[in-house]
4 protein chains.
Amino acid sequence: MVAGCCDGTNTMTLLADLLSSIFDRRYRTFLPGSSDNRPMEELTAALLGASGEVSGSTIARIILDRYETAEEDEKLSFFNHLAEDMAVSPQDLRAALETYEKGQTKTSYETLVRAAEPRRQELIRRLNQVPDATRSLVAMRADLLRFSKEDDALQALNVDFGHLFASWFNRGFLVLRPINWESPANILEKIIEYEAVHAIDSWDDLRRRLQPADRRCFAFFHPTMPDEPLIFVEVALTKGVPSSVQGLLSEEREHIEAEDANTAVFYSISNCQKGLAGISFGNSLIKQVAADLSLELPSLKTFVTLSPIPGFLNWIEKNDLGPLPDDPKQLKALAAHYLIAAKRRNGLPLDPVARFHLGNGAQVYQVHADADLSEKGQQQSAGVMVNYLYNLSKVSQNHERFATSHEIAASSDIKSLSAAAEKALNRSPTDGQPAL
Amino acid sequence: MVAGCCDGTNTMTLLADLLSSIFDRRYRTFLPGSSDNRPMEELTAALLGASGEVSGSTIARIILDRYETAEEDEKLSFFNHLAEDMAVSPQDLRAALETYEKGQTKTSYETLVRAAEPRRQELIRRLNQVPDATRSLVAMRADLLRFSKEDDALQALNVDFGHLFASWFNRGFLVLRPINWESPANILEKIIEYEAVHAIDSWDDLRRRLQPADRRCFAFFHPTMPDEPLIFVEVALTKGVPSSVQGLLSEEREHIEAEDANTAVFYSISNCQKGLAGISFGNSLIKQVAADLSLELPSLKTFVTLSPIPGFLNWIEKNDLGPLPDDPKQLKALAAHYLIAAKRRNGLPLDPVARFHLGNGAQVYQVHADADLSEKGQQQSAGVMVNYLYNLSKVSQNHERFATSHEIAASSDIKSLSAAAEKALNRSPTDGQPAL
Amino acid sequence: MVAGCCDGTNTMTLLADLLSSIFDRRYRTFLPGSSDNRPMEELTAALLGASGEVSGSTIARIILDRYETAEEDEKLSFFNHLAEDMAVSPQDLRAALETYEKGQTKTSYETLVRAAEPRRQELIRRLNQVPDATRSLVAMRADLLRFSKEDDALQALNVDFGHLFASWFNRGFLVLRPINWESPANILEKIIEYEAVHAIDSWDDLRRRLQPADRRCFAFFHPTMPDEPLIFVEVALTKGVPSSVQGLLSEEREHIEAEDANTAVFYSISNCQKGLAGISFGNSLIKQVAADLSLELPSLKTFVTLSPIPGFLNWIEKNDLGPLPDDPKQLKALAAHYLIAAKRRNGLPLDPVARFHLGNGAQVYQVHADADLSEKGQQQSAGVMVNYLYNLSKVSQNHERFATSHEIAASSDIKSLSAAAEKALNRSPTDGQPAL
Amino acid sequence: MVAGCCDGTNTMTLLADLLSSIFDRRYRTFLPGSSDNRPMEELTAALLGASGEVSGSTIARIILDRYETAEEDEKLSFFNHLAEDMAVSPQDLRAALETYEKGQTKTSYETLVRAAEPRRQELIRRLNQVPDATRSLVAMRADLLRFSKEDDALQALNVDFGHLFASWFNRGFLVLRPINWESPANILEKIIEYEAVHAIDSWDDLRRRLQPADRRCFAFFHPTMPDEPLIFVEVALTKGVPSSVQGLLSEEREHIEAEDANTAVFYSISNCQKGLAGISFGNSLIKQVAADLSLELPSLKTFVTLSPIPGFLNWIEKNDLGPLPDDPKQLKALAAHYLIAAKRRNGLPLDPVARFHLGNGAQVYQVHADADLSEKGQQQSAGVMVNYLYNLSKVSQNHERFATSHEIAASSDIKSLSAAAEKALNRSPTDGQPAL
């Protein structure tokens with residue numbers, strides 16, 4: 001019987017623990033490098049040079065260690081070194097391209113490929129050969145993003161980091177894992193830290209989101225960073241689509257058995273790693289979790305989010321749409337209209353959360369007033385929230401239409417509400433009264 | 001490289017999680033028993049009877065489930081049933097004994113063994129065949145201990161539980177595991193709950209005891225109760241023997257590398273399971289942990305406790321030894337004297353913690369004033385604490401002498417302090433002044 | 001994705017491997033005992049005595065090591081020591097019983113319990129405290145079974161071993177695990193070694209029984225003996241009930257998808273540990289596997305064995321039932337009759353395999369001629385085999401009737417065949433011709 | 001205690017097994033794609049197009065499944081599609097380069113990077129998002145290598161595969177694991193299959209290389225291919241440097257305890273995955289294993305190979321160096337000379353195994369006659385073998401010198417032997433007699 005069985009989980013912890021000190025000692029023994037005082041430029045050259053092939057791990061460890069303890073200006077100087085000394089050479093690339101155009105052979109192609117790839121990419125790959133290097137490189141890019149805002153060369157360097165990371169953090173290498181009250185504390189404290197939508201204010205609060213039978217949480221991990229969630233989603237299993245987050249998170253709410261739920265609510269999605277900005281896993285996560293849950297709990301029929309509308313009030317203000325209506329119905333209509341009609345110049349929805357879910361193939365499904373009573377919820381959307389619906393059989397088609405013609409999938413309810421709001425807005429300006 | 005490897009720990013959690021709902025469903029399917037309304041007496045008879053051999057797991061599950069939701073009086077009635085209806089029959093035993101004395105054959109011995117074992121032991125073994133039953137049975141005995149205080153028959157029942165548990169929780173079946181900040185939260189919350197010596201007041205406090213490189217914690221587990229520590233010990237790795245617990249636990253204390261420590265301090269040992277009272281694992285735990293640590297960290301030379309002296313002030317008061325001396329040295333002398341000279345009628349030390357460690361083969365090593373500033377520490381021992389020394393090469397000999405002739409191992413310091421206290425006590429009564 | 005995930009299996013192997021040498025070294029360091037030359041009698045006394053509580057693991061290791069390298073006569077002498085010097089004392093037990101009858105208190109009961117348990121039981125429990133001791137003790141009992149055949153005192157000792165093992169190997173502590181082509185080679189070689197019904201003649205043969213999608217194997221393990229299967233069952237997933245084992249095991253047989261099977265055939269069950277003789281897990285194993293499989297593969301509707309009839313020809317010969325009929329139908333009728341009508345004096349079926357499955361609540365379902373063409377199959381049953389049916393909803397009732405009134409469950413086919421055979425047998429003697 | 005502990009290894013296997021069918025079913029449910037009959041060109045376009053972002057895993061699965069069951073000509077046609085329709089466009093790259101040269105901004109750099117990367121690279125990344133895709137892609141490249149020998153466009157495609165694989169199979173993502181007799185049978189059968197140096201002829205032969213305390217084997221794995229070793233090395237722990245492989249592998253050889261060995265002999269290194277040709281992990285493997293072993297067994301002082309000399313006789317023949325000398329000493333001298341003096345035009349050693357180990361920083365240490373009596377050993381090197389020495393403290397320096405100036409590290413013994421051979425060769429031609 002598995003339930004009464006021998007619990008490899010903690011055996012692993014035991015072994016890992018016993019081993020950690022062993023490995024610490026090993027690396028101290030085999031890495032005499034801390035006394036290597038060569039400047040960074042020489043170390044990177046060594047790592048890329050002949051001896052780097054064999055003594056690479058020693059040099060890589062020294063570079064990463066030195067970077068980690070560096071001051072801000074030293075870090076910047078390191079990035080500038082990569083950005084300037086290890087960039088693509090347009091001359092070389094032009095020459096390689098000309099040769100290639102003359103004769104497309106394996107050799108001319110290899111030369112082209114090599115000329116098109118800046119040497120810093122190989123440097124980063126070689127840095128990645130020591131234990132825990134991937135984590136350090138992700139942290140390094142988080143630093144770089146701070147420095148690169150105004151700097152073309154650093155932005156180009158950032159493009160290279162992003163290119164490598166997109167390859168390393170390819171969906172095929174990510175591992176989906178449930179996060180629950182049996183998860184290791186060092187991972188759970190990161191969930192507390194990284195939660196970006198509805199803050200977790202204590203371990204008790206965390207337990208309320210993980211332990212009950214009608215709560216789930218899932219995260220993507222990378223094999224080389226087993227303690228670092230990359231992105232996670234919190235899920236509530238409910239009867240019917242919920243209309244407020246305070247209802248969902250209330251300490252006094254009624255718990256149900258997972259088997260009795262018909263709806264899975266994705267009420268919070270948080271990216272965890274600044275250094276992985278732009279490497280998106282969000283849409284895979286939601287679809288994977290929806291697929292897993294529908295397998296485990298066949299009674300689940302509806303997969304929705306309960307999402308904030310961060311740009312709502314800002315849009316009202318910028319467009320001078322007058323004081324907010326008191327009538328919840330009018331407020332909802334306005335929100336529905338904002339979600340499906342307010343667009344950026346490029347034709348995409350104004351609201352960033354809407355862009356994310358519509359881009360994933362979801363549909364704008366329902367809006368609710370008084371759905372988020374927190375200060376943040378009041379300030380950004382007057383407490384209105386929205387459900388995006390993930391209908392697994394329509395996700396591809398919705399996505400396709402959205403991607404090719406910016407067509408927004410919406411329920412008939414939402415469309416009616418939006419139409420009502422539009423009508424009201426069109427006749428309102430005349431009398432200075434709130435239109436809705 | 002292991003360090004960068006794939007983290008079976010959480011994979012296990014993932015799988016366990018996915019499976020739990022499957023197994024829940026299976027048992028619902030295969031255990032139609034919840035609608036079985038037979039009285040407990042019939043169910044226990046059925047479990048012991050013919051059909052119990054084959055449909056045992058169904059009946060066992062029903063009995064355990066019904067017990068768990070029972071009221072106090074129903075539980076008592078269940079225990080009385082076991083105590084009275086399933087006891088040893090003196091007549092049967094006498095008859096079996098007579099037959100055995102006449103001819104010691106396999107058959108007569110089997111009959112004797114069967115007659116000497118009350119049927120409730122077989123009942124308990126058959127109850128134990130369903131998942132998680134061991135945990136339920138341990139909880140059952142915790143209840144029984146409450147009921148049995150004044151009741152001979154229930155105490156006899158308790159003897160049988162204890163006898164079975166001693167066999168099931170035999171040292172050979174226990175698993176030693178480190179508890180650390182990577183341990184599952186559901187285990188860590190039990191550490192917080194069960195800590196009986198120096199209360200853990202928050203998750204941050206817990207982290208301070210688990211995460212630093214110079215802190216360790218180990219627990220014994222049983223394979224069938226992988227989430228339930230049976231007993232655990234908290235260890236501080238230090239330079240030199242510490243003289244106060246507030247120094248050890250201070251948030252501002254200086255951290256050291258594990259490799260730089262020469263001393264391991266067992267500063268807290270807590271039993272976790274009331275239902276396992278009397279099944280002792282404490283001495284194995286300390287010796288095992290000492291052995292493991294000395295293997296991992298060869299620089300560790302000294303293994304000591306930093307222990308409370310719970311009976312000290314009580315002893316002073318009962319023996320009317322006058323007001324406490326202000327002089328820390330005199331206070332320490334009095335404590336040393338209490339530890340090695342104050343005896344119960346049976347010749348064993350009066351202090352329960354002293355009995356435990358001396359019984360394990362430790363030596364009374366040092367006493368410290370102002371070592372425990374907590375309210376509890378002040379009340380029970382005026383803040384004095386004691387180090388018991390575990391010298392692995394002398395533990396057997398110390399234990400042997402203590403067990404056979406109640407001889408107490410003590411350092412020469414402790415002996416001198418005790419002698420000074422004795423001298424002072426002998427001359428003090430004349431003038432009513434504090435002797436020390 | 002779990003499928004592509006990080007494979008804790010082998011990580012565990014890695015860690016276990018790295019650690020094994022560490023632990024070997026530890027025990028060498030902490031166990032100076034190999035130079036302890038005291039006679040066994042002194043060592044057992046020491047283990048049971050005062051110092052045994054603390055230095056127990058050292059003494060236990062010495063005793064077990066010395067036993068393992070002992071000659072046959074030394075082993076016998078060790079068993080005689082346990083049998084004679086550590087038996088129950090009838091006088092002590094009588095005295096304790098008298099005290100208990102005068103007043104049933106906790107103390108008098110404890111004294112009784114202690115007097116009723118021979119000291120060798122506590123000795124065996126204390127031996128069990130070192131790593132791998134359980135395996136050694138199981139091997140020890142396998143030796144004992146060889147020695148004890150004619151010796152009452154050793155048989156009584158064997159009763160005590162059996163009593164302890166029944167408690168330690170309680171169903172609740174066993175773990176069911178699938179055995180497949182991903183299992184460790186050191187476990188697989190034991191499957192080859194222990195297969196007792198249809199010998200496995202090579203690793204290729206083993207692979208044919210484990211790797212195909214329509215083949216399964218499951219074993220019970222004990223947590224302290226993770227590399228030692230206790231009992232295992234081999235299963236074929238088929239369409240319809242199979243009528244011959246050579247069809248099942250043929251290299252050329254047609255493979256099917258597991259999901260397409262409607263029948264699970266338990267075609268081989270083997271006990272692995274001689275030292276656990278008499279501790280039965282077989283009925284739990286079949287029921288558990290049937291339950292697990294029906295959960296995993298809902299299309300499975302029929303659970304049957306394909307079993308040998310080891311006593312068939314022997315019974316014909318002993319009862320002088322004449323030459324075997326050539327007609328397969330007549331042969332099957334005779335076999336059906338043997339299975340349900342041939343009884344021991346105590347009313348139980350003559351055939352040992354029938355006793356096992358009928359005792360588990362199975363039904364005699366079908367018999368097949370030419371079902372086992374192996375030499376062994378021809379010799380013991382002229383190639384006839386039988387299917388026992390495990391109908392999960394009738395197993396309890398069948399078992400109950402069998403246990404209380406020796407009533408044998410059989411299909412109407414079997415009953416008809418048996419009736420035909422009976423009729424034929426009754427009229428046959430007259431003419432000396434074969435009746436069937 | 002670990003030894004008596006609960007063996008996560010097999011628990012994992014259990015869970016994995018139970019889950020496999022679940023996942024099979026899931027993917028069948030969520031992947032209705034098998035009925036998708038669009039031509040490959042449309043599928044690849046779809047995967048790269050808008051909908052590929054969301055329904056990617058479905059399309060990827062269809063493409064990979066269809067490829068796996070394709071005929072040779074369909075595979076070739078698929079590769080040609082990637083090679084021709086998804087290559088770099090020189091025009092686009094030229095345009096992007098010109099823009100970039102005019103202004104090096106983030107945007108112009110991104111455009112350049114995109115233009116320099118053929119679209120098939122993104123296609124391969126998107127194919128990699130489904131479970132087990134990495135394994136399929138590695139197998140795909142093994143096919144490609146067969147097709148591409150004479151075809152420039154396919155060779156360019158192969159360059160792209162290689163480029164991606166070098167990133168994915170970066171040393172930092174590989175996991176080193178011991179292979180032993182506790183390893184899963186499905187991995188062990190691959191060791192038998194892939195062994196390329198000294199063939200393993202049976203499971204018994206395999207056991208002789210894995211189970212004894214003085215034998216080790218280690219392999220690199222990738223987290224997404226946990227059952228597929230990438231490269232493995234077999235190690236013998238010996239007293240002294242061995243002089244023949246038949247001595248090492250003899251069934252009758254004397255076994256020693258690992259702790260008594262002073263030498264680790266890498267006697268066989270085999271690459272396993274044709275599809276990973278050119279992605280080298282060999283030097284990391286040897287160094288890592290040497291480091292691990294020296295940590296585990298501090299008594300190990302010498303790390304050597306026992307290697308074949310595959311090009312020796314061929315060199316003698318090509319250079320017309322006359323009949324082989326009968327004198328073993330002369331034969332060894334000739335081999336030493338071949339190893340350190342016979343060069344390719346580019347100045348690197350002629351012998352491929354020598355290139356590998358010298359490139360890793362090893363030293364030519366000893367040569368032995370009659371060291372490989374197998375047919376293969378006789379044919380390629382007249383039975384002579386060589387030890388390359390891995391002196392961890394000199395490996396970097398040796399490598400550096402070899403890489404920059406082709407300087408070959410050799411022991412003084414080897415240098416003397418080579419000098420003797422050279423001398424002999426120089427005077428030999430005159431009389432037509434063998435020089436050595």
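The model is predicted, so local features need pLDDT of at least 70 and side-chain atom pairs count only at pLDDT 80 or more, while totals for chains, interfaces and linings use all residues. Residues are numbered from 1 along each chain as its sequence is written, chains are lettered from A and ligands numbered from 1 in the order in which they are written, and side-chain values use heavy atoms, leaving out hydrogens and water.

**Chain A as a whole**

- Chain A has 19 helices and 7 strands; helices (H or I, at least four residues) and strands (E, at least two) are DSSP runs, numbered from the N terminus.
- Of its 436 residues, 60% count as buried, where buried means under 20% relative accessible area, exposed over 50%, and partly exposed in between (1.4 Å probe, protein chains only).
- Among the contacts in chain A with a separation of 6 or more, 71% join residues 24 or more positions apart; a contact means heavy atoms within 4.5 Å.
- Chain A exposes about 17400 Å², with carbon and sulfur atoms supplying 47% of it; these areas come from the Shrake-Rupley method with a 1.4 Å probe, and for residues, only the protein chains shown count as cover.

**A domain from the record**

- An unreviewed UniProt entry lists "domain: Malonyl-CoA decarboxylase C-terminal" at residues 172-319 and 330-391 of chain A; UniProt positions follow the numbering used here, feature names are shortened, and annotations may be inferred rather than shown by experiment.
- Residues 330-391 of chain A are 44% helix and 18% strand, with the end C-alpha atoms 27 Å apart.

- In helix α11 (residues 203-210) of chain A, the buried residues are A:Trp203, A:Asp205, A:Leu206, A:Arg209 and A:Leu210.
- Seen down the axis of α11(A), these residues fall within an arc of 155°, so they line one face of the helix; the arc is that of the directions from the helix axis to the C-beta atoms.
- Their cover includes β2 (215-221) and β3 (231-238) of chain A, together with α11 (203-210) of chain B.
- A:Ser202 caps the N-terminal end of α11(A), with a side-chain oxygen 3.3 Å from the backbone nitrogen of A:Asp204.
- Helix α6 (residues 106-116) of chain D has buried residues too, including D:Ser108, D:Tyr109 and D:Leu112.

**An enclosed strand in chain D**

- All 5 of the 5 residues of strand β7 (residues 385-389) of chain D are buried, so the strand is largely enclosed by the rest of the structure.
- D:Met385, D:Asn387 and D:Leu389 are buried on one side of β7(D), and D:Val386 and D:Tyr388 on the other.
- Strand β6 (residues 363-368) of chain D pairs with β7(D) in the antiparallel sense over 5 bridges; two strands pair if DSSP finds at least two bridges between them.
- D:His368 stands opposite D:Met385.

**Two residues in chain B**

- B:Ser381 sits in helix α17 (residues 375-381) of chain B and is buried, with a relative accessible area of 2%.
- Beyond its neighbours within four places in sequence, B:Ser381 is in contact with B:Ile309, B:Phe312 and B:Leu313.
- B:Thr302 belongs to strand β5 (residues 302-305) of chain B.

Methods
A polar contact is a pair of N or O atoms within 3.5 Å; within protein, one must be able to donate a hydrogen and the other to accept it, and residues adjacent in sequence count only if both atoms are side-chain atoms.
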